[in-house]
Amino acid sequence: MSTLPTATQLCLEAAKRLGLEASVLDPEYGYLFELRKGERRQAMLGGRSPLNDAVAARLAEDKHYTGMLLERADLRTPRTTRCLSREHPSMASYRDRAGMTPGVAFAKELGYPVVVKPNRLSHGRGVTLAGDEGTLRRAVRAAWQLDAIALVQERIDGRDFRLDFLDGRFLVGYERRPIEVRGDGKRSLGQLLAARDPRFADPERLRRLTRDRRFRQTVERRGWTMTSVPPEGAALSFDGPIQNLNGASTARIVERIPEGLRQVCARAGEAVGLRHFGVDLKLEGLDADPARAAFIEINASPLLSQMYLLGHKEQALHAQMQVLSALFA
């Protein structure tokens, strides 16, 4: 069981607590499994559930279309334009309007810095903050290596929240924050990181962190490695405008939100047609005016793996149990 993906482990434990039967159908990799309640059977892929219909789930994968739907619902989103790749086969019908000209013009009008990202990827892959036209052009070309469409977006300041919902009810969430450590003259940088965030007690996750560009640049400027012992009082912060839990960020759990914010987020899910969803938003704080919440993107069937690995296992399991209960209701 320990070799299964975290998302699968979480679902199987939640199913057990609910009295559901479960079978892993692909033990080699562990992502495909089946849940049963009496005669009812449901195939599952990792933590993704079929509570959302196929169109809504597909829309949520498209950041630009999601933003259009949220705007129609009078919700705040970053101002955005698209840059279509001339080289991608799927853009053959749009070559007359493809290229990075829209993004360059948009950035000149809006003012730098701007955010550049692939339209359909997740986990922060390919996301860049561009402070000038040269960086923008390089970032768009890099995004085209990952997706046929690159987005150029307004940068929005504020605290960075992920909040998960089911049928308009708040499940659980977290606030992304930069990892910060302070040397004690005794423990290595790797040990300090593991003490700060339990995910980094796993050597593989620690190795993955060293591949994060922001982390690598910050550490290399000090001339350190994971085995270096920072002097007592030496502080290291991986602060930056883009926080990503697959990189140099950690998180603080959010277990309750104000009713006004819940209502605004529920409207976002309704606008895209989602039952089970997570919103990534920027806001000065949870008690700030919810009308000021800026919706960066929406995720269909959000995974609870990060929450589980951060040490909040009971909260993650409780949320997962609610999702599975809705599935078999």
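**Reading backbone and packing**

Reply: Start with a loop. Asp 167 is found in the loop between β8 (159-166) and β9 (169-178). Keep in mind that this is a predicted model.

Me: What is the phi of Asp 167 near?

Reply: First the general idea. Most residues other than glycine have a negative phi. Now the case here. Asp 167 has a phi near 50°, a positive value in a residue that is not glycine.

Me: Is Asp 167 buried, partly exposed or exposed?

Reply: Look at the relative accessibility. Buried means under 20%, and exposed means over 50%. Asp 167 has 39%, so it counts as partly exposed.

Me: Where is Ser 301 found, and what is its phi near?

Reply: Ser 301 sits in the loop between β14 (294-300) and α10 (305-309). Its phi is near 45°, again positive in a residue other than glycine. Ser 301 has a relative accessible area of 7%, so it is buried.

Me: Which residues does a cis peptide bond join?

Reply: Most peptide bonds are trans. In this model, a cis bond links Tyr 112 to Pro 113, with omega about 0°. Pro 113 lies in the loop between α4 and β5 (114-118).

Me: Now helices. At roughly what angle do the axes of α1 and α11 cross?

Reply: Compare the two axes. Helix α1 (residues 6-18) and helix α11 (residues 313-327) cross at roughly 70°, and their axes come within 9 Å. Angles of 65 to 115 degrees count as roughly perpendicular. So α1 is roughly perpendicular to α11. The crossing of α1 past α11 is right-handed.

Me: Which residues of α1 and α11 meet?

Reply: From α1 come Leu 10, Cys 11, Glu 13, Ala 14, Ala 15, Arg 17 and Leu 18. They meet Glu 314, Ala 316, Leu 317, Gln 320, Met 321, Leu 324 and Ser 325 of α11. Sort the residues of this contact between α1 and α11 by class: nine are nonpolar, two polar and three charged.

Me: At about what angle do α2 and α3 pack?

Reply: Helix α2 (residues 54-61) packs against helix α3 (residues 63-72) at about 105°, with the axes 5 Å apart. That is why α2 and α3 are roughly perpendicular to each other. Leu 59, Ala 60 and Glu 61 of α2 make the contact with Lys 63, Tyr 65, Thr 66 and Leu 69 of α3. The contact of α2 with α3 has four nonpolar, one polar and two charged residues.

Me: Which crossing does α4 make with α5, left-handed or right-handed?

Reply: Right-handed. Helix α4 (residues 101-110) and helix α5 (residues 133-144) pack at about 145°, with axes 10 Å apart. Gly 103, Val 104, Ala 107 and Lys 108 of α4 meet Glu 133, Leu 136 and Arg 137 of α5.

Me: Back to single residues. What does the side chain of Thr 8 reach?

Reply: Thr 8 lies in helix α1. At 0% relative accessibility, Thr 8 counts as buried. Its side chain reaches the backbone oxygen of Gly 30 at 2.8 Å. Beyond its neighbours within four places in sequence, Thr 8 is in contact with Gly 30, Tyr 31, Phe 33 and Gly 46.

How values were computed
Residues are numbered from 1 along each chain as its sequence is written. This is a predicted model: local features need pLDDT of at least 70, side-chain atom pairs count only at pLDDT 80 or more; totals for chains, interfaces and linings use all residues. Side-chain values use heavy atoms; hydrogens and water are left out. Axes are lines fitted to C-alpha atoms, for helices over the stretch in contact, and angles run from 0 to 180 degrees between N-to-C directions. Helices (H or I, at least four residues) and strands (E, at least two) are DSSP runs, numbered from the N terminus. Angles under 35 degrees count as roughly parallel, over 145 as roughly antiparallel, 65 to 115 as roughly perpendicular and the rest as oblique. A crossing is left-handed if the near helix is turned anticlockwise from the far one by less than a right angle, and right-handed if clockwise. Contact means heavy atoms within 4.5 Å. Ala, Val, Leu, Ile, Met, Phe, Trp, Tyr, Cys and Pro count as nonpolar, Asp, Glu, Lys and Arg as charged, and the others, Gly among them, as polar. Buried means under 20% relative accessible area, exposed over 50%, partly exposed in between (1.4 Å probe, protein chains only). A polar contact is a pair of N or O atoms within 3.5 Å; within protein, one must be able to donate a hydrogen and the other to accept it, and residues adjacent in sequence count only if both atoms are side-chain atoms.
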